[in-house]
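Good morning, everyone, and thank you for making time for this short talk.

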Amino acid sequence: MVDRPDVLVVTGAGGMGSAVARRLGSGRTVIVADASLAQLDRLVDALSSEGYAAQGVVTDVSDRKSVEKLAETASGEGRLAAVVHTAGVSPATGSAKTIFEVDLVGTVHVIDAFEKVAVRGTSLVCVSSMAGHYASLSREEEAALATVPAEELMELDVVTAVGDNAAGAYVLSKRANHVRVQAAALAWNLRGARINTLSPGVISTAMAQAEAESETGAHMLQTLEACGAGRMGTTGEIADAAAFLAGPESRYITGTDLLVDGGQAAWIRRHRPTH
């Protein structure tokens, strides 16, 4: 009997998702998930034409049952090697409510659903954001975000206090990703599996372009110059970082965050003028 190939799951069929699928998908069954059937079909067709064994599963990460179905489908295809969760919404592309539903609650759905089907060696990489490093939360607020069941997250005071502030929702959601992964690491470890976050800075994607054209775009681009990076990151660089966190070279790394931002966070913390 021929062993079935390892399975790679990638949520999000955008720039980061497509780069990750190509970087990690060779010789594996690649399952791509996205809420948009049209975007999903485009990526699956492209991957298939390039020789990848790719299939698509329409998935709304804000819907727990939809994510559970994705996890069951993936585990039924073979040994679950890696899951890279890139699906997300930014302030330029969604309201505060949508950001919370997708970036906050959706990430918890992914963590919970795939923990149930994780096997020894499975690695989950949740793409968060550099923005999560800017949140100023109390210990109690972080503890709640790390542990409260998914269906209760939207009712937390720290969440409702954001109101309609999309940027605030984004920062809070991305910090929640960090602490949620920290809290989940024990359960994943007990299964012989690993879980980490990856926090990109400004990466050249359609989402970043939308942000660059928004009200805060000029400031974002000025920060890139001031910190010395002088450019946006590429989706290939994020795929390389995801490959590291999903691969054997990082087998002793779990429950933590890898910041990939060209030095922006370091500049903001240590060099940004305070006046």
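Predicted model: local features only at pLDDT ≥ 70, side-chain atom pairs only at ≥ 80, totals over all residues.

**Charges, strands and cover**

Let me start with Glu101, which is partly exposed, with a relative accessible area of 26%; here buried means under 20% relative accessible area, exposed means over 50%, and partly exposed lies in between, with a 1.4 Å probe and protein chains only. Residues are numbered from 1 along each chain as its sequence is written, and side-chain values use heavy atoms, with hydrogens and water left out.

Which residue does Glu101 meet in a salt bridge? The partner is Lys97, at 2.4 Å from N to O, where a salt bridge is a side-chain nitrogen of Lys or Arg within 4 Å of a carboxyl oxygen of Asp or Glu. Both residues lie in helix α4, 4 residues apart, which is about one turn of the helix; helices (H or I, at least four residues) and strands (E, at least two) are DSSP runs, numbered from the N terminus. Lys97 itself is exposed, with a relative accessible area of 54%.

By this rule the count comes to 9 salt bridges. One of them joins the side chains of Asp6 and Arg79, at 3.1 Å from N to O. Asp6 lies in the segment before β1 and Arg79 in the loop between α3 (64–77) and β4, so the pair ties together parts that are 73 residues apart in sequence. Asp6 is partly exposed at 26%, and Arg79 is also partly exposed, at 34%. In helix α3, the side chains of Arg64 and Glu68 meet in a salt bridge of 3.1 Å, N to O, and these two residues are 4 apart.

Turning now to the strands, we can follow the pairing from one strand to the next, bearing in mind that two strands pair if DSSP finds at least two bridges between them. Strand β1 (residues 7–11) pairs with β2 in the parallel sense over 5 bridges, and Leu8 has Val30 as its bridge partner in β2. Another 5 bridges join β1 to β4, again in parallel, with Val10 standing opposite Val84. Then β4 pairs in parallel with strand β5 (residues 123–127) over 4 bridges, where Val84 stands opposite Val125.

Are the residues of β2 buried or exposed? In β2 (residues 29–34), 6 of the 6 residues are buried, so the strand is largely enclosed by the rest of the structure. Thr29, Ile31 and Ala33 point one way from β2, whereas Val30, Val32 and Asp34 point the other way. Strand β4 (residues 80–85) is mostly covered too, with 6 of its 6 residues buried. Helix α1 (residues 15–24) has 7 of its 10 residues buried, so it is largely enclosed by the rest of the structure; among the buried ones are Met16, Gly17 and Leu24.

Finally, let us return to the charged residues. Glu152 is found in the loop between α5 (139–147) and α6 (157–160), and at 38% relative accessibility it counts as partly exposed. Glu152 and Val105 are 47 residues apart in sequence and 9.2 Å apart in space, C-alpha to C-alpha.
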